[in-house]
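Have a look at the fold first, then read on.

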Amino acid sequence: MTITALSDAELLDQARSGDESAFTELYVRHEAAARRLASTYRRLGDPDDLVSGAFERVLGAIRRGAGPTESFRAYLFVTLRRLAAEQGEKPADQAL
């Protein structure tokens, strides 16, 4: 079975086991939707930085054995929203 035929939950299991290509596939599947959401938070931060930061946080959680086990997009969106809120609380001269 090709990696693109796997469900998000199956890809998460593989990513949790250290398969980098599984997380890459999740990125490919959900990056455009995350970018659309991030563009609505434009006043809170650069959409590209928010998307990158959200994926980094999710990957970090997965590597620690935490993070989503299913509903990857929902978890990613919550992470993105929290990151945007954090950016909104920082002074404008502080970077991500």
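## Ground rules

This is a predicted model, so to speak of local features we need pLDDT of at least 70, side-chain atom pairs count only at pLDDT 80 or more, and totals for chains, interfaces and linings use all residues. Residues are numbered from 1 along each chain as its sequence is written, and side-chain values use heavy atoms, with hydrogens and water left out.

## The aromatic cluster

Let's start with the rings. Phe, Tyr and Trp rings (for Trp, the six-membered one) pair if their centres lie within 6.5 Å; planes under 30 degrees apart are stacked, over 60 edge-to-face, and the rest tilted. By this rule the count comes to four aromatic pairs. One of them is Phe23 with Phe55, edge-to-face at 6.2 Å centre to centre and 85 degrees between the planes. Phe23 sits in helix 2 (residues 20–39) and Phe55 in helix 3 (residues 47–63), so this pair ties together parts 32 residues apart in sequence. Helices here are DSSP runs of H or I with at least four residues, numbered from the N terminus.

Phe23 also pairs with Phe72: the ring centres are 6.1 Å apart and the planes at 80 degrees, so this one is edge-to-face. That links distant parts of the chain again, with Phe23 in helix 2 and Phe72 in helix 4 (residues 72–89), 49 residues apart. Buried means under 20% relative accessible area, exposed over 50%, and partly exposed in between (1.4 Å probe, protein chains only). Put together, Phe23, Tyr27, Phe55 and Phe72 form one aromatic cluster.

## Helix 2 against helix 3

The axes of helix 2 and helix 3 come within 9 Å and cross at roughly 145 degrees. These axes are lines fitted to C-alpha atoms over the stretch in contact, with angles running from 0 to 180 degrees between N-to-C directions. The crossing is right-handed; that label applies if the near helix is turned clockwise from the far one by less than a right angle, and left-handed if anticlockwise.

Which residues make the contact? Helix 2 brings a set including Phe23, Tyr27, His30 and Ala34, while helix 3 brings, among others, Val51, Phe55, Val58 and Ile62. Contact means heavy atoms within 4.5 Å. The residues of this contact divide into 12 nonpolar, two polar and five charged. Here Ala, Val, Leu, Ile, Met, Phe, Trp, Tyr, Cys and Pro are nonpolar, Asp, Glu, Lys and Arg are charged, and the others, Gly among them, are polar.

## Helix 1

In helix 1 (residues 8–16), Leu11, Leu12 and Ala15 are buried. Down the helix axis, the buried residues fall within an arc of 105 degrees, so they line one face of helix 1. The arc is taken over directions from the helix axis to the C-beta atoms. Their cover includes helix 2, helix 3 and helix 4. Just after helix 1, Gly18 takes a positive phi of about 100 degrees.

Leu76 belongs to helix 4 and is buried at 0% relative accessible area. Beyond its neighbours within four places in sequence, Leu76 is in contact with His30, Ala34, Ala54, Phe55 and Val58. Leu76 and Val58 are 18 residues apart in sequence and 6.7 Å apart in space, C-alpha to C-alpha.

Glu25, in helix 2, counts as buried at 14% relative accessibility. Not counting residues up to four places away in sequence, Glu25 touches Ile3, Thr4 and Leu11.

Methods. Helices (H or I, at least four residues) and strands (E, at least two) are DSSP runs, numbered from the N terminus.
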